[in-house]
Amino acid sequence: MSDRGAGGLFISFEGIDGSGKSTQARLLHEHLIAEGHDVLLTREPGGSPGAEEIRALLLSGGVDRWSPETEMLLFTAARRDHLERTIRPALAGGQIVICDRFADSTRMYQGLRGVDLRGRVEALHDLMIGQEPDVTLLIDMDAAEGLSRATARGGGEDRFEAFGAELQAAMRQGFLALAKEFARRFRVIDGARPADVVARDVRAAVVERMG
């Protein structure tokens with residue numbers, strides 16, 4: 001489902017922690033602004049005042065702070081507020097929305113951590129969100145390298161990095177499987193190269209979708 005206004009385009013970036021997707025989202029935002037487009041850069045969890053408060057709860061603390069089921073509910077609550085207050089108004093106004101993570105991250109980070117949790121994630125998504133990006137850019141890279149990058153950057157929002165290399169590897173394979181499952185909207189881009197080279201391929205994928 002794509003509930004966007006005329007001229008609006010919803011772009012999401014996905015990838016394991018440390019893949020460089022946040023950098024690429026920022027670079028794409030800067031490029032599209034320079035090209036004269038009306039663009040909003042946002043993120044998940046977060047992107048609205050209420051969702052940013054939930055972000056602080058989700059991304060800090062010990063790995064056992066929340067169960068996967070509770071995380072799923074918290075992420076969905078944050079996403080619903082983000083949609084209502086930020087994403088849908090921007091799309092209705094014809095803006096290009098670039099979102100650093102969206103529902104695919106919940107499909108992976110919560111959906112892979114329990115029996116049939118992916119099914120519950122989808123049911124809750126259908127009930128409360130009911131929207132997918134127009135194009136999803138998966139910045140792919142080796143799981144160990146991504147974890148090394150993510151750990152080195154610090155910053156305090158490191159709860160998911162603390163789950164370790166095994167989860168990172170599962171998430172990478174899960175994202176690649178999602179790219180096949182939702183092949184019409186996914187574009188997989190090798191994130192192990194210099195940032196400017198990755199950015200070139202990101203721009204090409206977006207131009208293709210816009211065209």
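Residues are termed buried when their relative accessible area is under 20%, exposed when it is over 50%, and partly exposed in between, as calculated with a 1.4 Å probe on protein chains only. The structure is a predicted model, in which local features need pLDDT of at least 70 and side-chain atom pairs count only at pLDDT 80 or more, whereas totals for chains, interfaces and linings use all residues. Residues are numbered from 1 along each chain as its sequence is written, and side-chain values use heavy atoms, with hydrogens and water left out.

A search of the whole structure returned 21 salt bridges, a salt bridge being a side-chain nitrogen of Lys or Arg within 4 Å of a carboxyl oxygen of Asp or Glu. Among them, arginine 107 pairs with glutamate 132, with 2.5 Å between the closest N and O atoms. This pair links distant parts of the chain, since arginine 107 lies in helix 4 (residues 103-109) and glutamate 132 in the loop between helix 5 (117-128) and strand 4 (135-140), 25 residues apart; helices (H or I, at least four residues) and strands (E, at least two) are DSSP runs numbered from the N terminus. Arginine 107 is buried, at 1% relative accessibility, and glutamate 132 is likewise buried, at 14%.

Within helix 5, arginine 118 and glutamate 122 are 4 residues apart, about one turn of the helix, and form a salt bridge whose closest N and O atoms are 2.8 Å apart. Arginine 118 is partly exposed at 23% relative accessibility, while glutamate 122 is buried at 18%. Both of these pairs belong to a network of salt bridges linking Asp104, Arg107, Arg118, Glu122, Glu132, Glu181 and Arg185.
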